[in-house]
Amino acid sequence: MKLRNLLLTLCFALGITQVVRAQASTDETVKEWERAKAYTKEYLEAMPESGYALQPTPEMRSFAEQMLHLTDADYGFGSAATGEKLPAGVGELEKTTTDKSKANITKLVLASYDFVIAGIKKMTPAQMNEQVKLFGRFDMSRGMALAKAFEHQTHHRGQTTVYIRLAGAKPPQEKLF
């Protein structure tokens with residue numbers, strides 16, 4: 001009887017630990033996306049207005065287009081991962097946005113981070129482990145889809161470091177933590 005009670009107590013404690021750890025994982029994911037949003041905002045602010053049209057080579061996106069590409073992906077990955085419906089008019093921002101001013105690009109980019117963060121905040125720990133088919137092709141957990149989204153935005157933000165330097169400005173200090 002004592003052994004049974006001990007085993008039940010241990011199972012209960014391990015279960016509670018897993019729930020707390022899963023919730024911490026969701027909270028940590030939100031915290032990381034909030035950090036990435038603040039870091040991206042620093043990049044948007046560091047680039048002078050005239051640099052938003054900067055295109056290092058004819059084959060490359062302009063700074064504004066890089067940021068709009070990041071934005072489209074935040075919405076696409078974020079919607080697939082969180083199950084949140086995409087707002088009307090997003091998904092083709094890189095191709096359809098005509099106002100590529102610093103103010104408008106900043107507004108659009110930060111809104112995409114807000115969309116992802118709000119979606120993550122609504123998720124339960126169990127939902128982070130649910131399987132989805134990302135872009136109709138890739139099977140993964142919702143949490144992994146968010147990790148892929150995070151990797152993508154980090155990649156494109158990092159590319160814009162060169163753009164900022166080419167514009168004669170200084171990119172922000174790394175914001176790893």
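Me: Leaving aside neighbours within four places in sequence, which residues are in contact with Arg 142?
Reply: Contact means heavy atoms within 4.5 Å. Neighbours of Arg 142 within four places in sequence are left aside. The residues in contact with Arg 142 are then Ala 80, Ala 81, Thr 82, Gly 83, Met 123, Gln 127, Met 128, Glu 130 and Val 132.

Me: What kind of model is this, and how are residues numbered?
Reply: This is a predicted model, where local features need pLDDT of at least 70, side-chain atom pairs count only at pLDDT 80 or more, and totals for chains, interfaces and linings use all residues. Side-chain values use heavy atoms, with hydrogens and water left out, and residues are numbered from 1 along each chain as its sequence is written.

Me: Is Arg 142 buried or exposed?
Reply: Buried means under 20% relative accessible area, exposed over 50%, and partly exposed in between (1.4 Å probe, protein chains only). Arg 142 has a relative accessible area of 16%. Therefore Arg 142 is buried.

Me: In which order do the elements of the protein run from the N terminus?
Reply: Helices (H or I, at least four residues) and strands (E, at least two) are DSSP runs, numbered from the N terminus. The protein has six helices and two strands. From the N terminus on, the order is α-α-α-α-α-β-β-α.

Me: Where is Arg 142 placed, and how far apart are the end C-alpha atoms of that helix?
Reply: Arg 142 sits in helix 6, residues 142–166. The expected span of a helix is 1.5 Å times one less than its number of residues.

Me: How many residues of helix 2 are buried?
Reply: Helix 2 covers residues 63–82 and has 20 residues. This helix is mostly covered. The buried count is 17 of its 20 residues.

Me: With which side chains does the side chain of Gln 66 make polar contacts?
Reply: Gln 66 lies in helix 2 and is buried, at 4% relative accessibility. A polar contact is a pair of N or O atoms within 3.5 Å; within protein, one must be able to donate a hydrogen and the other to accept it, and residues adjacent in sequence count only if both atoms are side-chain atoms. Another, at 2.9 Å, is with His 156.

Me: How far apart in space are Gln 66 and His 156, C-alpha to C-alpha?
Reply: In sequence, Gln 66 and His 156 are 90 residues apart. His 156 is one of the buried residues of helix 6. In space, C-alpha to C-alpha, the distance between Gln 66 and His 156 is 6.6 Å.

Me: Why do Tyr 39 and Tyr 43 count as edge-to-face?
Reply: Rings of Phe, Tyr and Trp (its six-membered ring) pair if their centres lie within 6.5 Å; planes under 30 degrees apart count as stacked, over 60 as edge-to-face and the rest as tilted. The structure holds seven aromatic pairs. The rings of Tyr 39 and Tyr 43 have centres 5.2 Å apart and planes at 80°, so the pair is edge-to-face.

Me: Which residues form one aromatic cluster?
Reply: Phe 150 is among the buried residues of helix 6. Phe 150 also belongs to an aromatic cluster. Its members are Trp 33, Tyr 113 and Phe 150.
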